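Dear colleague,

Please look through the model alongside the notes.

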Amino acid sequence: MKVERHSKIVELIGKYEIETQEELAERLHQAGFKVTQATVSRDIRELKLTKAPSEDGKQRYMVLQSQGNFSDKYIRILQDGFLSMDMAQNILVIRTVSGMAMAVAAALDAIRFQEIVGCIAGDDTIMCAVRSVDDTILVMDKLKKLLG
């Protein structure tokens, strides 16, 4: 449940300009997660979220990006949910444990491979649009290294 909640938090802060822990808790409640203020605060710390100015000058939560050194959380989400991958030209198809595709896709989005244009996730399958066939092979190699 924690991995799914963390995935949802990453998804929410990517989709909405969330300024406060209260606003994040409310969005999680709307998404069906029962959380306390303490849980949200702990999740923010564990995900290493930071506040940064948005386009309108307000502060918003964002994932702290570190070049080349991905958060252990995202790698763990990938390891916990990943089953297999295959390519069809420049489309990377990733199979996951049932119910984990959204979490794995959110982790991929948070890692921000520059070769991936975007991901669509179902229940146990993710389709990633990749810029080229060569980039698809490169992403597959990167994922293999991350997954160990």
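A cavity here is a set of points, on a 1 Å grid over the protein atoms alone, where a 1.4 Å probe fits but cannot get out, whereas a pocket is an open set with protein on both sides within 12 Å along at least five of seven lines, and lining residues have an atom within 4 Å of a point. Grid points are joined across faces, edges and corners, and a volume is the space filled by probe spheres set on the points. The model is predicted, so that local features need pLDDT of at least 70 and side-chain atom pairs count only at pLDDT 80 or more, while totals for chains, interfaces and linings use all residues. Residues are numbered from 1 along each chain as its sequence is written, and side-chain values use heavy atoms, with hydrogens and water left out.

One cavity of 30 Å³ or more is present, and the volume of the largest cavity is about 30 Å³. Its lining is made up of Lys-2, Val-3, His-6, Lys-73, Arg-76 and Ile-77, with at least two residues supplied by each of H1 and helix H4 (72-81); helices (H or I, at least four residues) and strands (E, at least two) are DSSP runs numbered from the N terminus. By class this lining holds two nonpolar, one polar and three charged residues, where Ala, Val, Leu, Ile, Met, Phe, Trp, Tyr, Cys and Pro count as nonpolar, Asp, Glu, Lys and Arg as charged, and the others, Gly among them, as polar. Lys-73, which sits in helix H4, counts as buried at 13% relative accessibility (buried means under 20% relative accessible area, exposed over 50%, partly exposed in between, with a 1.4 Å probe and protein chains only). Not counting residues up to four places away in sequence, Lys-73 touches Lys-2, His-6, Glu-46 and Leu-47, contact meaning heavy atoms within 4.5 Å.

Two or more lining residues come from each of helix H1 (2-15), strand S2 (59-63), helix H5 (101-111) and strand S5 (116-121), and H5 gives the largest share, five residues. The lining of this pocket divides into 11 nonpolar, two polar and four charged residues.

Neighbours within four places in sequence aside, Leu-143 is in contact with Leu-78, Met-85, Leu-92, Ile-94, Leu-108 and Phe-113.

There are zero disulfides, a disulfide being a pair of cysteine sulfur atoms within 2.5 Å. The sulfur of Cys-119 lies 3.0 Å from the closest cysteine sulfur, in Cys-128, which is too far for a bond. Cys-128 is buried, at 1% relative accessibility.

Two backbone angles remain. Most residues other than glycine have a negative phi. Lys-48, in the loop between helix H3 (37-46) and strand S1 (49-53), has a positive phi of about 55° and is exposed, with a relative accessible area of 53%. Gln-89, in the loop between strand S3 (82-88) and strand S4 (91-96), has a positive phi of about 60° and is exposed at 57%.

With best regards
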